[in-house]
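Morning, everyone. I'll walk through one model today, from the overall fold down to single side chains. Here it is.

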Amino acid sequence: MPSAFPSASSAAFRAAARTASRFARSRSSTSGRGSGCEAEKAASGGAQPVRLAALEALGRVGNVASVATLLEGAVESDAQIADAAKQALADLSGDAVDRDIASRLGQAQGKTYPVLVEIVGKRRIDAIPALLKALEHADAAVRSAALQALGSTVTERHLAVLVNQVVSP
């Protein structure tokens, strides 16, 4: 199983993994309790190893209530935290998560916008109109993320748009 942890042999990692497991168990016994969950609290702040473990745990046991916490992590300046949060967003299960991400995409701004576009592609969410709009964005990072996401989600109906973007961006 791939992990977000570069040095999995350290004592700190093992302690963080135990903590995350406890948080995950707490999460499954309190599903439906949104941001009050211990795993979400641990993912939001504290020591990096604990945060990484909590983010990984949320990817496995989180639900739609975890999306906001994970998005906050996905735009952080710490690359390991951001990558772990993005992976957790991609790993969350459920149609409610897809609907929530798609609805957030329409109103996203700043650093959250390219992250949501990327997650739409990773999850293969049907959000073609929003992705087509993102292709026209002033920010090159948003346009690039939209093109990659379209590559994962485009239907035959919009295939010509994707081909045109690749041939003459």
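Accessible areas here come from the Shrake-Rupley method with a 1.4 Å probe, and for residues only the protein chains shown count as cover. On that basis, the accessible surface of the protein comes to about 8800 Å². Carbon and sulfur atoms hold 52% of that surface.

Some ground rules. This is a predicted model, in which local features need pLDDT of at least 70 and side-chain atom pairs count only at pLDDT 80 or more, while totals for chains, interfaces and linings use all residues. Residues are numbered from 1 along each chain as its sequence is written, and side-chain values use heavy atoms, with hydrogens and water left out.

Confidence next. pLDDT is the predictor's confidence in each residue, from 0 to 100. The protein has a mean pLDDT of 82, with 77% of its residues at 70 or more. Helix α1, residues 11-29, has the lowest confidence, a mean of 53. The highest is in α5, at 97. Residues 27-36 have pLDDT below 50. That stretch still has 14 contacts in the model beyond near neighbours in sequence, a contact being heavy atoms within 4.5 Å. Where pLDDT is low, the predicted coordinates should not be read in detail.

Now the fold. Helices (H or I, at least four residues) and strands (E, at least two) are DSSP runs, numbered from the N terminus. How many helices and strands does the protein have? Ten helices, zero strands. Among contacts with a separation of 6 or more, 59% are between residues 24 or more positions apart.

On to burial. Buried means under 20% relative accessible area, exposed means over 50%, and partly exposed lies in between (1.4 Å probe, protein chains only). Of the 169 residues, 40% count as buried.

Take helix α4, residues 67-74. Six of its eight residues are buried, so the helix is largely enclosed by the rest of the structure. Those six are V67, T69, L70, L71, G73 and A74. What do they pack against? The partners are α2 (38-44), α3 (48-61), α5 (79-91), α6 (95-105) and α7 (112-123).

That leads to the core. A nonpolar core is a set of buried Ala, Val, Leu, Ile, Met, Phe, Trp, Tyr and Cys residues joined through side-chain atoms within 4.5 Å. The largest one has 39 residues, and L89, I101, L105 and V117 touch the most other members. Two or more residues each come from α2, α3, α4, α5, α6, α7, α8 (128-134) and α9 (140-153). Helix α7 gives the most, six residues. Look at I101 itself. Beyond its neighbours within four places in sequence, I101 contacts V67, L116, I119, V120, R123 and I125.

Side chains of opposite charge can pair when their charged atoms come close. A salt bridge here is a side-chain nitrogen of Lys or Arg within 4 Å of a carboxyl oxygen of Asp or Glu. The whole structure has seven.

R123 pairs with D98, closest N and O atoms 2.7 Å apart. D98 is in helix α6 and R123 in helix α7, so this pair ties together parts 25 residues apart in sequence. R123 is buried, at 13% relative accessible area.

Next, E76 and R51, with N and O at 2.5 Å. E76 sits in the loop between α4 and α5, R51 in helix α3, 25 residues away. E76 is partly exposed at 30%, whereas R51 is buried at 8%.

E38 and K41 form a local pair, at 3.6 Å, N to O. They are three residues apart in helix α2, so about one helical turn separates them. E38 is partly exposed at 35%, and K41 is partly exposed at 47%. There is also a salt-bridge network linking K86, E118 and K122.

One backbone point. R124 has phi near 55 degrees, a positive value in a residue other than glycine. R124 lies in the loop between α7 and α8. Buried or exposed? R124 counts as exposed, because its relative accessibility is 59%.

Last, the surface. Patches use residues with over 30% relative accessible area and no salt bridge, joining like charges within 9 Å and nonpolar side chains (Val, Leu, Ile, Met, Phe, Trp, Tyr) within 5 Å. L159, V163, V166 and V167 make a nonpolar patch of about 360 Å². L159 belongs to helix α10, residues 159-167, and is partly exposed at 39%.
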